[in-house]
Amino acid sequence: MLEELGLKPFLTCGMCLGEGTGAVAAIPILRMACAVYNDMSTFAEVEIEEYKHLK
């Protein structure tokens, strides 16, 4: 189906079961990424000087 839609799988991991296993494996990874994004402290909250790009 992904080929027909012109898409690439989110996870490849060498799995070839063809039963949506990659999609099921991706759910905990996406939940973890959302938790980090939503719950991570800012530099100000932990009183760390904000990163400044060095030239």
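Start your tour with the charged side chains: the structure holds 1 salt bridge (a side-chain nitrogen of Lys or Arg within 4 Å of a carboxyl oxygen of Asp or Glu). You are looking at a predicted model, in which local features need pLDDT of at least 70, side-chain atom pairs count only at pLDDT 80 or more, and totals for chains, interfaces and linings use all residues. Residues are numbered from 1 along each chain as its sequence is written, and side-chain values use heavy atoms, with hydrogens and water left out.

**Stop 1: the salt bridge.** Select K52 and E49, whose side chains meet at 3.3 Å, N to O. Side chains of opposite charge can pair when their charged atoms come close. K52 counts as exposed because its relative accessibility is 58%, and E49 is exposed too, at 61% (exposed means over 50% relative accessible area, buried under 20%, partly exposed in between, with a 1.4 Å probe and protein chains only).

**Stop 2: E47.** Now pick E47, in the segment after α2. Its phi is near 55°, a positive value in a residue other than glycine. Most residues other than glycine have a negative phi. E47 counts as exposed, at 74% relative accessibility.

**Stop 3: helix α2.** Zoom out to see the 2 helices and 0 strands of the chain (helices are DSSP runs of H or I, at least four residues; strands are runs of E, at least two; both are numbered from the N terminus). Select α2: its 19 residues reach 28 Å from first C-alpha to last, close to the 27 Å expected at 1.5 Å a residue (1.5 Å times one less than the number of residues). Then click I27, where α2 has a kink of about 25°, shortly before the proline P28 (the angle between axes fitted to the seven residues ending there and the seven starting there).

**Stop 4: the nonpolar patch.** Select F10, I29, L30, M32, V36 and M40, which make a nonpolar surface patch of about 620 Å² (patch residues have over 30% relative accessible area and no salt bridge; nonpolar side chains, namely Val, Leu, Ile, Met, Phe, Trp and Tyr, are joined within 5 Å, like charges within 9 Å). Among them, M32 lies in helix α2, residues 21-39, and is exposed at 53% relative accessibility.

**Stop 5: E3 and the whole chain.** Finish with E3 in helix α1, residues 2-5, exposed with a relative accessible area of 77%. E3 and F43 are 40 residues apart in sequence and 42 Å apart in space, C-alpha to C-alpha. Show all C-alpha atoms: they fill a box of roughly 50 × 30 × 20 Å, taken along the principal axes. Buried residues make up 2% of the 55 residues.

Methods:
Accessible areas come from the Shrake-Rupley method with a 1.4 Å probe; for residues, only the protein chains shown count as cover.
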